[in-house]
Amino acid sequence: MKQLGHILTDKGSKYSVSGCAVADRAEIDAALKTLKLDRRYAKATHNTWGADLREGGPIKGDDGEAGAGMVILRMLEREGLQDHLVVVTRWYGGKNLGGDRFRHVQACVRAYLDAL
């Protein structure tokens, strides 16, 4: 799994992005499990993710960050990137970010896509 590490910080919340090629839900689950073997990611507040699978279509996980998985999916669909998992990780900093959290998810996904 490719990890870009720390991307941005806002009001104490920290964001990171990771991703890898996947072909099905089992590979998504295995990749998420591998990511969470790193204690930092296992203790993160949210590990939101999205993948657009050729066999199975779009699939996402919000992990308590409502709507974030859909933001990731939309960006993957616009890029035409299929069979690839992108995970945006957030460590909550104690202050509510409101709508800014979606802009931060977009910034993380953009950084990942630019690094491909």
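Modeller: Buried means under 20% relative accessible area, exposed over 50%, and partly exposed in between, with a 1.4 Å probe and protein chains only. This is a predicted model, in which local features need pLDDT of at least 70 and side-chain atom pairs count only at pLDDT 80 or more, while totals for chains, interfaces and linings use all residues. Residues are numbered from 1 along each chain as its sequence is written, and side-chain values use heavy atoms, with hydrogens and water left out.

Biologist: Why is Ile-7 called partly exposed?

Modeller: Its relative accessible area is 28%. Ile-7 sits in strand 1, a strand being a DSSP run of E with at least two residues, numbered from the N terminus, as are helices (H or I, at least four).

Biologist: What makes Ser-18 buried?

Modeller: The relative accessible area of Ser-18 is 0%, and the class needs under 20%, so Ser-18 is buried. Ser-18 lies in strand 2. Leaving aside neighbours within four places in sequence, its contacts (heavy atoms within 4.5 Å) include Met-1, Leu-35, Tyr-41, Val-86 and Tyr-112.

Biologist: How do you know that the length of helix 4 agrees with its number of residues?

Modeller: The expected span is 1.5 Å times one less than the number of residues. Helix 4 has 16 residues (100-115) and should span 22 Å; its end C-alpha atoms are 23 Å apart, so the two agree. Among the buried residues of helix 4 are Val-105, Cys-108 and Val-109. Their cover includes strand 1 (2-10), strand 2 (13-21), helix 3 (68-79) and strand 5 (84-91).

Biologist: Which residues touch the most other members of the largest nonpolar core?

Modeller: A nonpolar core is a set of buried Ala, Val, Leu, Ile, Met, Phe, Trp, Tyr and Cys residues joined through side-chain atoms within 4.5 Å. In the largest one, with 17 residues, they are Tyr-15, Ile-72, Val-86, Val-88, Val-105 and Val-109. At least two residues of this core come from each of strand 2, helix 3, strand 5 and helix 4. A second, separate core has 12 residues, including Leu-32 and Ala-51.

Biologist: What makes strand 1 and strand 4 (57-61) edge strands?

Modeller: Two strands pair if DSSP finds at least two bridges between them. The 5 strands form an open antiparallel sheet in the order 1-2-5-3-4, and strand 1 and strand 4 each pair on one side only. Strand 2 and strand 5 are joined by 8 bridges in the antiparallel sense.
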